[in-house]
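Q: Hi! Mind walking me through this one while we both have it open?

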Amino acid sequence: MFSVDGVTYDVDAVFLAEDSIKRKFTILDGENAGRLLNGSMTRDIIGTYYNYTLAIDTNKLSPADYDNLYEILSAPVDSHSFAFPYGQSELQFDGYVSSGSDTLKYVRHGIRYWGDLSIEIVCMEPIRRP
């Protein structure tokens with residue numbers, strides 16, 4: 001399942017079959033990391049952040065449901081509460097949407113159908129700490 005701010009979407013019903021949910025991890029260092037005079041690296045690890053890229057199959061959502069999801073994801077707020085598939089379980093975290101894009105696919109009977117929604121979600125704080 002995928003959820004945002006407590007609203008759950010069935011992964012099979014919302015996402016494309018291939019490459020629809022991508023995850024990326026970043027191990028972030030603090031200000032005390034860097035190269036020493038002898039050339040070796042010293043780390044000041046803050047923690048591991050898990051970030052996600054989503055490609056949403058808007059054909060499987062009604063235009064009203066899609067518009068609602070778009071408004072939630074594009075809201076000018078500090079963060080959202082997300083839940084994503086993670087390994088064989090689920091990962092819940094606060095994150096923000098850094099960017100998103102979609103395409104107007106067609107208009108039928110005055111209703112606009114959008115597609116190719118892609119969003120980038122960045123974790124607010126490390127999920128794992130040293």
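Q: Quick one to start: which residue in β6 is the bridge partner of T26?
A: That would be Y49. Keep in mind that this is a predicted model.

Q: And how many bridges do β3 and β6 pair over?
A: They pair over 9 bridges, in the antiparallel sense. Another position to look at is D29, which stands opposite I45 in β6.

Q: What about β6 and β9, how many bridges there?
A: That antiparallel pairing runs over 5 bridges. You can find I56 opposite L117 of β9.

Q: OK, zooming out. What is the strand order in the open sheet?
A: There are 7 strands, ordered β2-β1-β7-β8-β9-β6-β3, and the pairing is antiparallel. The edges are β2 (7-9) and β3 (21-29), each of which pairs on one side only. From one strand to the next, the twist averages 30°.

Q: Which strands does helix α2 touch?
A: Helix α2, residues 63-73, packs on the sheet and touches β1, β2, β6, β7, β8 and β9. The helix direction makes about 30° with that of β9.

Q: Switching to aromatics: how many pairs does the count come to?
A: The count comes to 9 aromatic pairs. One of them is Y50 with Y86: the ring centres are 5.2 Å apart and the planes sit at 70°, so this pair is edge-to-face.

Q: Where do Y50 and Y86 lie?
A: Y50 is in strand β6 and Y86 in strand β7, so the pair ties together parts 36 residues apart in sequence.

Q: Is Y50 buried or exposed?
A: Y50 counts as buried, at 7% relative accessibility.

Q: What about Y106 and Y113, how are their rings arranged?
A: Those two are stacked, because their planes are at 20°, under the 30 degrees cut-off. Their centres are 4.7 Å apart.

Q: And how accessible are Y106 and Y113?
A: Y106 is partly exposed at 34% relative accessible area, and Y113 is partly exposed too, at 24%.

Q: Last one: which residues do ring pairs link into a cluster?
A: The cluster is made of F2, Y52, F82, F84 and F93.

Notes. Residues are numbered from 1 along each chain as its sequence is written. This is a predicted model: local features need pLDDT of at least 70, side-chain atom pairs count only at pLDDT 80 or more; totals for chains, interfaces and linings use all residues. Side-chain values use heavy atoms; hydrogens and water are left out. Two strands pair if DSSP finds at least two bridges between them. Helices (H or I, at least four residues) and strands (E, at least two) are DSSP runs, numbered from the N terminus. Axes are lines fitted to C-alpha atoms, for helices over the stretch in contact, and angles run from 0 to 180 degrees between N-to-C directions. Contact means heavy atoms within 4.5 Å. Rings of Phe, Tyr and Trp (its six-membered ring) pair if their centres lie within 6.5 Å; planes under 30 degrees apart count as stacked, over 60 as edge-to-face and the rest as tilted. Buried means under 20% relative accessible area, exposed over 50%, partly exposed in between (1.4 Å probe, protein chains only).
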